[in-house]
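Work through the exercises below with the model open. Try each task before you read its solution.

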Amino acid sequence: MEALVDGFVDLNINGAIKDLCETYYSDDIVMLNEGEVFASSRVEAWEKQKEFVDKIASKNIQLISKTIKDNISELVFDYKMITHDNSTVAFKGKHIQRWNNNKIIHEAYQSVQ
């Protein structure tokens, strides 16, 4: 499990979101953003994230913490990105992921201070 989570972390830090989706998300993943359903499939998750990813010119993403217990991983990242129009986007986010058969089947994202 740790190797899977580390692979997810590496792709996220490198901003390889499409590869991350294709490699680690189950086809029928359910994703929540601040408690609301964001996507109900891997394809929908990528389509919604692609719009934001395409706006990013540069990024600095760092892992703050990683906890794994049974089939649940909790990851906190510090995101700092600059868009093509030179706007800065910075936030910290917690990803709580439930894994099954080497894929993430449920992910809840929450902003953290």
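**Exercise 1: a charge and a ring**

Task: find what lies over the face of Phe38.

Solution. Lys48 sits over that face, 5.4 Å from the ring centre of Phe38. The criterion: NZ of Lys or CZ of Arg is within 6 Å of the ring centre and within 35 degrees of the ring normal.

A note on the ground rules. This is a predicted model, where local features need pLDDT of at least 70 and side-chain atom pairs count only at pLDDT 80 or more, while totals for chains, interfaces and linings use all residues. Residues are numbered from 1 along each chain as its sequence is written, and side-chain values use heavy atoms, with hydrogens and water left out.

**Exercise 2: aromatic pairs**

Task: state how many aromatic pairs a search of the whole structure finds, then classify the pairs Phe77 with Tyr79 and Tyr79 with Phe91.

Solution. 
- Step 1. The search finds four aromatic pairs. Rings of Phe, Tyr and Trp (its six-membered ring) pair if their centres lie within 6.5 Å; planes under 30 degrees apart are stacked, over 60 edge-to-face, and the rest tilted.
- Step 2. Phe77 and Tyr79 have ring centres 5.7 Å apart and planes at 45°, so this pair is tilted.
- Step 3. Tyr79 and Phe91 have ring centres 4.8 Å apart and planes at 25°, so this pair is stacked.
- Step 4. Tyr79 is in strand E4 (residues 72-83) and Phe91 in strand E5 (residues 88-100), so the pair ties together parts twelve residues apart in sequence. Helices (H or I, at least four residues) and strands (E, at least two) are DSSP runs, numbered from the N terminus.
- Step 5. Check accessibility. Buried means under 20% relative accessible area, exposed over 50%, and partly exposed in between (1.4 Å probe, protein chains only). Phe77 is buried. Tyr79 is buried at 7%, whereas Phe91 is partly exposed at 28%.
- Step 6. Look for a cluster. Phe8, Tyr24 and Trp99 form one.

**Exercise 3: two helices**

Task: describe how H2 and H3 are arranged, and which residues make the contact.

Solution. 
- Step 1. The axes of H2 (residues 17-24) and H3 (residues 42-53) come within 10 Å and cross at roughly 170°. Axes are lines fitted to C-alpha atoms, for helices over the stretch in contact; angles run from 0 to 180 degrees between N-to-C directions.
- Step 2. That angle makes H2 roughly antiparallel to H3. The cut-offs: under 35 degrees is roughly parallel, over 145 roughly antiparallel, 65 to 115 roughly perpendicular, and the rest oblique.
- Step 3. H2 contributes Ile17, Lys18, Cys21 and Glu22 to the contact; H3 contributes Arg42, Trp46, Gln49 and Val53. Contact means heavy atoms within 4.5 Å.

**Exercise 4: a strand residue**

Task: locate Thr83 and list its contacts beyond four places in sequence.

Solution. Thr83 is in strand E4. Its relative accessibility is 9%, so Thr83 is buried. Beyond its neighbours within four places, Thr83 touches Lys55, Ile56, Ala57 and Val89.

**Exercise 5: positive phi**

Task: give the phi of Asp70 and of Asn102, and locate both.

Solution. 
- Step 1. Most residues other than glycine have a negative phi.
- Step 2. Asp70 has a positive phi of about 55°. Asp70 is in the loop between strand E3 (56-69) and E4, and is exposed at 66%.
- Step 3. Asn102 has a positive phi near 65°. Asn102 is in the loop between E5 and E6, and is exposed at 51%.
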